[in-house]
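Here is a short briefing on one model. It covers a helix, a surface patch and some backbone angles.

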Amino acid sequence: MSADVVIAGAGPNGLMLACELSLAGVRPIVLERLPARTTENRANGLVGQVVRMLDRRGLYGRLGGGTEPPRPVPGFVFGALPLDLSTLDDNPLYMLGTPQQRVEQVLEERAAELGVEIRRGHELAGLSQDAEEVVADVIGPDGPYRLRARYLVGADGGRSVTRKLAGIGFPGVTRDSTVSRTASVTVPPELVDPATGGLNVPGYGLVPPFMHHRTERGLFVFAPFPCRPALVSTMEWEPAAAEGDGQPPLTLEELGESVRRVLGADLPLGPSTGSGPHVMRRLTGGNTRLAERFRDGRVLLAGDAAHVHSAIGGPGLNLGLQDVVNLGWKLAAEIHGWAPPGLLDSYEAERRPAAERVVMHSQAQSALIAPGAEVTALRRLFTELLGDRNVVRHIAATMAGSDIRYDMGVGDGAAGDGGAGGVHSLTGRWAPDLSLDTGTGPVRLAELTADARPLLLDLTEDFSVAREAAGWSDRVKVVGARPPHSGMPGGGAGEDAARGGFHGSAVPGEDGGSGGIAALLLRPDCYVAWASASPRPDSRERDALRAALARWFGAPAEDA
């Protein structure tokens, strides 16, 4: 084998997958047809659960998030309608304003640290597979050659060569009724409102910053990013959309004319300054498509290769990067030989519904920003609905992707809190952020998951749950811990304080519920495979733990 896994595409998804595989002891080779990282900035930041996922891999600070843990944002937008998130106790929506260009740079640096081989200027040109391997035909700077690998993953975008070579259909719809124009610009500083950062457009009024601003003639956005050029964007519907076909590259004059049509007023625009990234882009229409299948034998798809949708709300990187974090450890398990039956198939079973939800909410938002009196009436109704905190919570969780609950094969989580044989409300959900004491001082859960290994977190009174994982010690990391300030056995707070554990404490669930935590089994993607609230789990709970270990991490070692 030339490599364990060949990855086509060195964008954020391909690079993140390479990092995940390398952390799991697998050798990837990344192929990228471009000779260097693109200078085009395709996304302005990260939105959703992916921000916390990057924190769980130790990348949040490197991406500009600072030294403190991520914090949810107080507000966002849905279909150009404001979402007030400040009243939510369990706000799930996180943001990180790092442009995609920088995300790719950081992920490439991390991949290099992990020893990943990235071959730029090398393009996948053909593939074949049998029961044992995939053979990739590659065209590089020195001519054609072949690579043999156990698996090949297409992370090569919406026009994926991998998907086409594998014969996987890409059904969906294409719309050509809109044209979007976006440019990095300067605006007269006297037009920027010092209190809000919004834009006072002469003859129109104040446009809030970082908000989709809808009129009956189109959409307008002013995004004054700190430390980089501001963006101005417009979106128009027919007949203006036809003007985008066959046109020369976008100019500031064309963008200014579009602003005049959308707002009914002139906005002075100047060229951007500084180091960038700089954007000057026109997009006509768009696609909403979902691959017929995410896997064909030893060939798999991730990110835009598997699904494309509207960019409204910024869901692309949130969806794609979580695809590869879900996929990476499962591929590694297959390669290392301990994967239980059906593990790799669970990739599509879990991630296709996530993609379908992104398609659903991005299409809904696209409908809400369209022109017309009917849409205006619909927006008034939605504005009323958004006065209900439960509606806001539901939409925020949908946009964040935190509403996803995977089937862990243990029944309905509503059955109980994980005690007396019930199923904990966290089972199948993203693990909450926890602060713990492992005996050497406070530690965040994110610090324990940076190595991308399965994790059994034992907070029981006597740390007895850890013994149940002895047969999986080659795969599953076991950590005994207490809540901070409760002390560890032999520590300053004493054993009596340590027995307080975490059981009975309220830990918010993503669904607004809560449950005590005395033990957690986390998959490498930080979803909870099993949980208990009991300080002394009974035999049924221990049996359920062993079943979960086998369900996700294979049979125990024979000599355990």
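Helix H1 (residues 12–23) has 12 residues and reaches 16 Å from its first C-alpha to its last. That is close to the 16 Å expected at 1.5 Å a residue, where the expected span is 1.5 Å times one less than the number of residues. This is a predicted model: local features need pLDDT of at least 70, side-chain atom pairs count only at pLDDT 80 or more, and totals for chains, interfaces and linings use all residues. Residues are numbered from 1 along each chain as its sequence is written, and side-chain values use heavy atoms, without hydrogens and water.

**Helix H1**
- Helices (H or I, at least four residues) and strands (E, at least two) are DSSP runs, numbered from the N terminus.
- In H1, 11 of the 12 residues are buried (under 20% relative accessible area; exposed is over 50%, partly exposed in between; 1.4 Å probe, protein chains only).
- The buried residues include Asn13, Glu20 and Ser22.
- Gly25 follows H1 and has a positive phi, near 80 degrees.

**Surface patch**
- Leu378, Leu381 and Leu385 make a nonpolar surface patch of about 230 Å².
- Leu378 lies in helix H9 (residues 373–385).
- Leu378 counts as partly exposed because its relative accessibility is 34%.

- Most residues other than glycine have a negative phi.
- Phe210 has a positive phi, near 55 degrees, and lies in the loop between strands E13 (205–207) and E14 (213–215).
- Phe463 has a positive phi of about 55 degrees, in the loop between strands E24 (455–458) and E25 (477–480).
- Phe210 is partly exposed at 42% relative accessibility; Phe463 is partly exposed at 21%.

Note on methods
Patches are made of residues with over 30% relative accessible area and no salt bridge: like charges are joined within 9 Å, nonpolar side chains (Val, Leu, Ile, Met, Phe, Trp, Tyr) within 5 Å. Accessible areas come from the Shrake-Rupley method with a 1.4 Å probe; for residues, only the protein chains shown count as cover. A salt bridge is a side-chain nitrogen of Lys or Arg within 4 Å of a carboxyl oxygen of Asp or Glu.
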